[in-house]
Every structure is written in C-alpha cells, then in structure tokens.
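Thanks, everyone; I would like to take a few minutes on the overall fold and then on a single position within it. Please have the sequence and the structure in view while I talk.

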Amino acid sequence: MSTEPSLDLPPAQQARSRLTQQRILEAGTALLEEGGTEALTVAAVASRAGVSVGSVYRRFGDKDRLIAALQHDMIEQFNADIVRRFAPLSTDPAALVASAVTGLAETYQTHERLMRVFLAAGATDPVVARVGSEAAIHADRVFRRFLEPIIPMIAAPDPERRLDVVYRLIYGACQNRVLYGDLFESDRPLTWRQLTDELVNVACLSLLGAPGR
C-alpha cells in the first residue's frame, strides 16, 4: 500500500456530489475500523456507501488514493478536535497544562480505532508514516503554542526542550495505548481516564514542579 500526501482530488461542487463523497468517506472509515486496510476495497466501499464502483473511482481513483483520502480526512478531524478541546477553565498554569494534556489524550481516544489502522500501516508504508509524522508534529506545535504562557515558569536549563519532551511522553503513551491497549507493557488495568489523569500529574510535575490538582 502506498499513498500520496498531495491528493489533488476534484472538488465536489454540487450538494448531491458532496453528499456522495461524504458517504464514500464514511463507508471507507467504517471498513478500515472494522477490518483494517485488507477489508477496504473499492467494491466494498461502493457497496457500503450505496454508490456505484465507478462513482468511487471517479472521485478517489484506486484503493491507495482512497486510503490516502481517508487518512487526510482523519487528520483534519484530529487537528480540529485538538483545537476544540484545548479550552482552559482558567489562566492558572496548572489548569493550562491539564487542559493541553487532557485535550491531547482525549483526541487520541476519540480517534483510536482508525488511528490504530494508520499507525500499523505506517510501520511498513513510509508514505503513510510520513503523513502521520507531519500530523504529530503539527499537534506538537499546537501543544507548544497553547502552553507558551507557562514557558517562563518552567524551572529547567532549556524550558523549550522540557516542554518538547513532555509532549513526546504524552504522544508515546497515547500511541502505545492506541496500538496495544492498556495491558501490553503492564498487567495492571488502566483506563483512558486514569492514564490521562496520571499524564496530567507527570506533566505538571515536570513543567511546574507540582502535581496537577
């Protein structure tokens, strides 16, 4: 499987055409979540969406370009969710950190089924991996920009590096949870909520010197 980051798909101009395109994307997403890339074929997507095979080919081309479109669609939703979830209840530094960490972890949880497919595919497909890396780096930039107000409060020789490492820890923990679940590296059950709360504490301790409230 190989995908191209730049899709250059023809825009769906008419309302009916946009609806058809959305149905194809939704059908493809469902198939990926249920059975991974092996379950996704143009014929299966067409059947699931209630459209002709030709309709899928006209809008997305072959299977690889359809998978690329689905990956980009997921990333767009992921990026929008991060921005939406980064909503602090106050300007208190601990509240800002908690909002950023919680927003990031909850976004991974929301998209975990489809993200698992692309993380697994990225292990063998360098193009899928590159697109995923670009999305992760974008999330890092959003994370750092959101936490810029607390940088002067970080007691470290290189505050920017400390913030970057905290993001890497959160990203790594969430990615591991998405790929393997909660009992891969430990036999102690840990829900997404518990993991998120502990990541908030780790981030607050590392950045502010005190656990989150």
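The secondary structure of this protein comes to nine helices and zero strands, where helices (H or I, at least four residues) and strands (E, at least two) are DSSP runs, numbered from the N terminus. This is a predicted model, in which local features need pLDDT of at least 70 and side-chain atom pairs count only at pLDDT 80 or more, while totals for chains, interfaces and linings use all residues. Residues are numbered from 1 along each chain as its sequence is written, and side-chain values use heavy atoms, with hydrogens and water left out.

Along its principal axes, the C-alpha trace spans about 60 × 40 × 30 Å. Of the 213 residues, 44% count as buried, meaning under 20% relative accessible area, with exposed being over 50% and partly exposed in between (1.4 Å probe, protein chains only). Among contacts (heavy atoms within 4.5 Å) between residues at least 6 apart in sequence, 69% join residues at least 24 apart.

Is threonine 102 buried or exposed? With a relative accessible area of 16%, threonine 102 is buried, because buried means under 20%. Leaving aside neighbours within four places in sequence, threonine 102 is in contact with Arg193, Thr196 and Val200. For valine 200, 98 residues away along the chain, the C-alpha atoms of the pair are separated by 7.1 Å. Within the sequence neighbourhood, a polar atom of the threonine 102 side chain lies 2.7 Å from the backbone oxygen of alanine 98.

Note on methods
Polar contact = N/O pair within 3.5 Å; in protein donor to acceptor, adjacent residues only side chain to side chain.
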